[in-house]
Amino acid sequence: MYYKFSGFTQKLAGAWASDAYSPQGLKPVVSTEAPPIIFATPTKLTSSPIAYDYAGKNRVPELQKFFQKADGVPIHLKRGLPDQMLYRTTMALTVGGTIYCLIALYMASQPKNK
């Protein structure tokens with residue numbers, strides 16, 4: 001036997017298989033048209049042997065060499081000043097947030113004096 005949720009009684013009630021598989025009276029709609037292609041290749045066809053490079057130059061091998069260089073600098077600081085600024089800002093916000101949380105916890109733990 002099949003069951004479905006009754007909105008009127010707020011309980012499970014017996015139902016036909018078609019009602020149980022399409023709740024609230026929703027019936028599946030079968031479309032006769034094909035859905036549009038989302039990721040399509042370019043439609044312009046040419047006879048020239050030009051290869052289209054939409055993604056640009058592949059920089060992964062250069063970046064791998066750059067980041068794997070053994071120069072003693074941590075990986076999160078390899079790119080210089082922007083990485084140092086981001087790292088120091090993150091550390092300052094972390095320390096500041098920890099201090100703020102500890103102060104708030106201390107204030108919340110103290111009884112109110114009237």
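**Briefing: a predicted chain of helices and strands**

The chain holds three helices and two strands (DSSP runs, H or I of at least four residues for helices and E of at least two for strands, numbered from the N terminus). Along the sequence the pattern reads β-β-α-α-α. This is a predicted model, in which local features need pLDDT of at least 70, side-chain atom pairs count only at pLDDT 80 or more, and totals for chains, interfaces and linings use all residues. Residues are numbered from 1 along each chain as its sequence is written, and side-chain values use heavy atoms, with hydrogens and water left out.

**Whole chain**
- Of the 114 residues, 5% are buried (buried is under 20% relative accessible area, exposed over 50%, partly exposed in between; 1.4 Å probe, protein chains only).
- The accessible surface is about 11,300 Å², and carbon and sulfur atoms account for 65% of that surface (Shrake-Rupley method, 1.4 Å probe; for residues, only the protein chains shown count as cover).
- Among contacts between residues at least 6 apart in sequence, 0% join residues at least 24 apart (a contact is heavy atoms within 4.5 Å).

**Helix 3 and the annotated segment**
- The unreviewed UniProt entry annotates residues 85-108 as "transmembrane region" (positions follow the numbering used here, feature names are shortened, and annotations may be inferred rather than shown by experiment).
- Residues 85-108 are 100% helix and 0% strand, with end C-alpha atoms 34 Å apart.
- V95, I99, I103, Y106 and M107 make a nonpolar surface patch of about 540 Å² (patch residues have over 30% relative accessible area and no salt bridge; like charges are joined within 9 Å, nonpolar side chains, namely Val, Leu, Ile, Met, Phe, Trp and Tyr, within 5 Å).
- V95 lies in helix 3, residues 81-109.
- V95 has 47% relative accessibility, so this residue counts as partly exposed.

**Salt bridges**
- There are two salt bridges (a side-chain nitrogen of Lys or Arg within 4 Å of a carboxyl oxygen of Asp or Glu).
- E62 bridges to K57, with the closest N and O atoms 2.9 Å apart. E62 is partly exposed at 39%; K57 is exposed at 62%.
- D71 bridges to K78, with the closest N and O atoms 2.8 Å apart. D71 is partly exposed at 39%, whereas K78 is buried at 12%.

**Aromatic pair**
- The whole structure contains one aromatic pair (rings of Phe, Tyr and Trp, the last by its six-membered ring, with centres within 6.5 Å; planes under 30 degrees apart are stacked, over 60 edge-to-face, the rest tilted).
- The partners are F66 and F67, edge-to-face, at 5.2 Å centre to centre and 75 degrees between the planes.
- F66 is partly exposed at 29%, and F67 is partly exposed at 25%.
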